[in-house]
Amino acid sequence: MKLNNKFWLFAIVCTVFTTAIAATLAILFWRQLLPVEQQLLIQIFKQQFWYFFSTGVFLFAAFGFTLDWFFRFYILPLNQVIEETKVMNTVNPAHRLKIDGSREVRVLSELINVCGDQLQSAKHLIDQTVESAKSKIEAEKNILATIMAELTQGVLICDAAGRILLYNRQAQRVLEKAQDAIGVSGQIETVVPEGFIGLKRSIYALIDEHLIQYALKDIQNKLNQKKENISSHFVMVTGDQRQLRVETLPILDEDHGFAGFVLIFSDITHQLEYDGKFSQRFKEMAKTLRSSTASIRSIIDLMIQFPDMDVDQKKDFIGIISAETQSLSRILRSDLPEADRYARSRWPLSPILVTDFIATLKEEIEAVADLPIDVHDCDSRCMIKVDGYAMITAVEYILNCLKNECHAKCSRIRLSAPGNLVQLDLIWQGEPIKIETLRRWSELSLTGTQKGYPLTLKEVLDHHHAEIWPHTPNQHNRGDVCLRLFIPMVQSEAITPDIRQVTILPKGRPEFYDFDLFNQAGQTPEMENRLLTELVYTVFDTETTGLDPRSGDEIISIGAIRIVNGRLLTTETVNQLVYPGRPVPIESTKIHGINDEMLAGKPTIDKVLPFFHRFAKNTILVAHNAAFDMRMLQMKEKQTGLRFINPVLDTMHLSAVIHPAHNNHNLDAIAQRLGVAISKRHDALGDAMATGEVFLKTIPLLNEKGIYTLKEALLASQRTYYAKLKKY
């Protein structure tokens, strides 16, 4: 129903109701009159009928006009205000109210229009800021994408669930490239990959999940054992039979939690083929060397045994020796130097403790059989170099072959280390395996396992320089037979692995330190009772080699700026690098960007600190997490003979005073809440300037809480949660 109809229906109802009340009152009044009075009233009404009629019509007309005016100037405009405000607030923010109504309605419309202007202006500003930020992020993203695109290796980054977050062209080319191949019929066929590489797609559609999960388990074990090198390697074979070396690196959050992983691909197909040719060439060289050496030795023995042989025969023997030595010279001159320039193998083998390998093996083969593993005469420090996934898959393959083909169930695994070999025995009771059967197994791909693997057992063993042989029963226990796997042992001290450094986001410097901010010698009553707006401040920050001054960490940069009359004086600053007398750890350099080269030749702290002491004299020191910086200064009192007695205010404590409901009071969070932009984070002067701006915006908020003087600010800070905690 239209608003106009609703209103007039309401007016009619009101009129009828009013008329009914008036009629009721008139009837009650009539019954109270005497007959004589009733006759008199009837006579008067007859004589003045037109007067009473005109008055009634006029009253009803006035009532109707009043209702109509109220409807047109109040009811209808208010409804228009509601509707047009909805339009402004939803589909058209640029719409403005133009309502013709009462004065109050027009004032309300103007106020709504003003709010709309402010909202649109704020929204425009926010949109510009967001667009600017997006442009910067997009530019940085393009730079990163360009760098990744130019890498010679394929790089792919995934989250913890295996969803692809970032990849470069090389990774796409390696994993998704369709290759022309000749089919059985002689026609060219296209090998199409099973999965597609793309953002938010699963990596497990491209790479066997077992391979990646094994690598992640290996990484987690290394993290648990706090090992230095926590990368893991495996080899995968693509649909077109290319062999890829894949290095897996974890992505850890600031709490060392697993946040994702990085895969780095290298195509080693041609390298491995080249290795195979070299291996064959080495065998030929060895055969030639043995033959030539045996011939020369035999002839020399004959010449020694028969010194009086004929001259012609001796000449023939000398000719043979000459030919053989020329053959040896040719090998030394051409084949050996070339072989020396190329590594024996490019298969990614990682050094691992035998005990760690066995622990992983036991965990992986539980799906096949829950086998006890006996360790005999094996030093826990023994190491081997293996592709863990490939070797464990090979063992599973052998166990499956024993079970499915020979109906032999392995009862236990025995580990020993005779000499320079690690010996792994797969033991069962029954008939031994024939050498022909073992050779046949070696030529088959490892597809007998649940996981499947496209390489053959022989290829895996050859790459590991390992061998496997059937072992006949011994005299003491004739029921036991085994297959014996030999893996070369390596010396742990000779291992120099290519260690991948994993960057972990630091939580920052300690928030609480054992330095008393609230009882400085320079806190005089006169200064404490002055208003915060009247005082002069030195806002400062330090960058250090680490987070523990008592363990020898040193100041490497001091930045400071003065506040006078509520204004940051950008012309009165300190920005000084300091030579610490010790190397700067790489982890610290990653945070503040200061390295040893930048500090070479810079003044030492005993020269810098006196200047800063004079700069801050007779001022209030202000810092964020000031206890840490003051502790760093305090540690240098004996060396420099200087003591900072200035009163100290900490913006972290003050933030807890003005925003007690917030849990995060680090500099970034406070700056964001108060609208302060930090131009250079983890730069001493940049952080000091940001802290100064934060402090100036904090003062009015302190005033709203009744905190006006330095003493009141210190007392309020002392009551905060932060002041009650200590660390270290």
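## Inside the core

Let's begin with Ile203: skipping neighbours within four places in sequence, Ile203 is in contact with Leu156, Cys158, Gly162, Ile164, Leu175, Ile212, Phe261 and Leu263. Contact here means heavy atoms within 4.5 Å. This is a predicted model, so local features need pLDDT of at least 70 and side-chain atom pairs count only at pLDDT 80 or more, while totals for chains, interfaces and linings use all residues. Residues are numbered from 1 along each chain as its sequence is written, and side-chain values use heavy atoms, with hydrogens and water left out.

Ile203 also belongs to the largest nonpolar core, which has 68 residues; Leu175, Ile203, Ile207 and Phe265 are the members that touch the most others. The biggest share of that core, 11 residues, is supplied by H10. Apart from it sits another core of 46 residues, including Leu568, Phe628, Leu654 and Ala713. A nonpolar core, by the rule used here, is a set of buried Ala, Val, Leu, Ile, Met, Phe, Trp, Tyr and Cys residues joined through side-chain atoms within 4.5 Å. Buried means under 20% relative accessible area, exposed means over 50%, and partly exposed covers what lies in between (1.4 Å probe, protein chains only).

How many aromatic pairs does the structure hold? There are 4. In the pair of Tyr537 and Phe695, the ring centres are 4.7 Å apart and the planes sit at 65 degrees, so this one is edge-to-face. It links distant parts of the chain, with Tyr537 in strand E15 (residues 537-544) and Phe695 in helix H21, 158 residues apart. Tyr537 is buried at 2% relative accessible area, and Phe695 is buried at 0%.

Phe612 and Phe644 make a tilted pair, because their ring centres are 5.6 Å apart and their planes are at 40 degrees. Phe612 lies in helix H16 (residues 605-615) and Phe644 in the loop between helix H18 (637-640) and strand E19 (648-650), so the pair ties together parts 32 residues apart in sequence. Both Phe612 and Phe644 are buried, and together with Phe540 they form one aromatic cluster. The pairing rule takes rings of Phe, Tyr and Trp (its six-membered ring) with centres within 6.5 Å; planes under 30 degrees apart count as stacked, over 60 as edge-to-face and the rest as tilted.

## Charged partners

Side chains of opposite charge can pair when their charged atoms come close. A salt bridge is a side-chain nitrogen of Lys or Arg within 4 Å of a carboxyl oxygen of Asp or Glu, and by this rule the count is 14. Lys123 bridges to Asp127, with the closest N and O atoms 3.3 Å apart. Both lie in helix H4 (residues 103-150), 4 residues apart, or about one turn of the helix. Lys123 is partly exposed at 45% relative accessibility, and Asp127 is partly exposed too, at 38%.

Which helices does the salt bridge between Arg440 and Glu405 join? Its closest N and O atoms are 2.2 Å apart. Arg440 lies in helix H11 (residues 435-442) and Glu405 in helix H10 (residues 388-405), so the pair ties together parts 35 residues apart in sequence.

Conventions:
Helix = DSSP H or I, 4+ residues; strand = E, 2+ residues; numbered from the N terminus.
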